[in-house]
Amino acid sequence: MRRPVVDLSDCVDCEGCASVCPDVFVRTEAGYIDVQDLDAYPEALVDEAIMMCPSHCIFWEDHEDPS
Ligand code: SF4
C-alpha cells in the first residue's frame, strides 16, 4: 500500500495539509504534523494536500503489505 509521509525538516507548519485532509494529517500538541496510521488513505485528498503544501514536503511512500 501507499502511505503519505511528511519531511518535517522542510515543513513550515502552515497546517494546510491538516485542513485539507484532517483524517490523515494531524498537528500534535508538540507542534508537528503526524501522519495517522490508517488501513487505507483517501488518495484524492492526500494528493490535494501534496499539491497545496508550500514546502513540497509531503510524499507517497510504498510500503509492503504485511502478509
Ligand atoms: S502543508 Fe506542508 S508545510 Fe504545511 S503543515 Fe502540512 S506538511 Fe507542513
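**Group meeting: ligand shell and salt bridges**

E15 comes out as partly exposed, because its relative accessibility is 37%. Keep in mind that this is a predicted model.

E15 pairs with R27 in a salt bridge, where the closest N and O atoms are 3.6 Å apart. That pair links distant parts of the chain, with E15 in the loop between β1 and α1 and R27 in strand β2, 12 residues apart. R27 also meets D13 in a salt bridge, at 2.7 Å from N to O. Here R27 lies in strand β2, residues 25-27, and D13 in the loop between β1 and α1, so the pair ties together parts that are 14 residues apart in sequence. Through shared partners, D13, E15 and R27 form one network. R27 is partly exposed at a relative accessible area of 35%, and D13 is partly exposed at 30%.

Next, the ligand. It sits in the largest cavity. Among the residues surrounding the ligand are D13 and E15, along with C11, C14, C17, C53 and C57. Sorted by class, the shell has nine nonpolar residues, one polar and two charged.

Now to another salt bridge. R3 and D37 form one, with the closest N and O atoms 2.8 Å apart. What does this pair tie together? R3 is in strand β1, residues 2-6, and D37 is in the loop between β3 and α2, so the bridge connects parts 34 residues apart in sequence. R3 counts as buried, at 19% relative accessibility, while D37 is exposed, at a relative accessible area of 67%.

In total, the count comes to four salt bridges.

Terms used:
Residues numbered from 1 in each chain as written. Predicted model: local features only at pLDDT ≥ 70, side-chain atom pairs only at ≥ 80, totals over all residues. Heavy atoms only, no water. Near = heavy atom within 4 Å. 1 Å grid on protein atoms, 1.4 Å probe; cavity = no way out; pocket = protein on both sides within 12 Å on 5 of 7 lines; lining within 4 Å. Sits in = over half its atoms within 2 Å of the grid points. Nonpolar A, V, L, I, M, F, W, Y, C, P; charged D, E, K, R; others polar. Salt bridge = Lys/Arg side-chain N within 4 Å of Asp/Glu carboxyl O. Helix = DSSP H or I, 4+ residues; strand = E, 2+ residues; numbered from the N terminus. Buried < 20%, exposed > 50% of the residue type's maximum accessible area, 1.4 Å probe, protein only.
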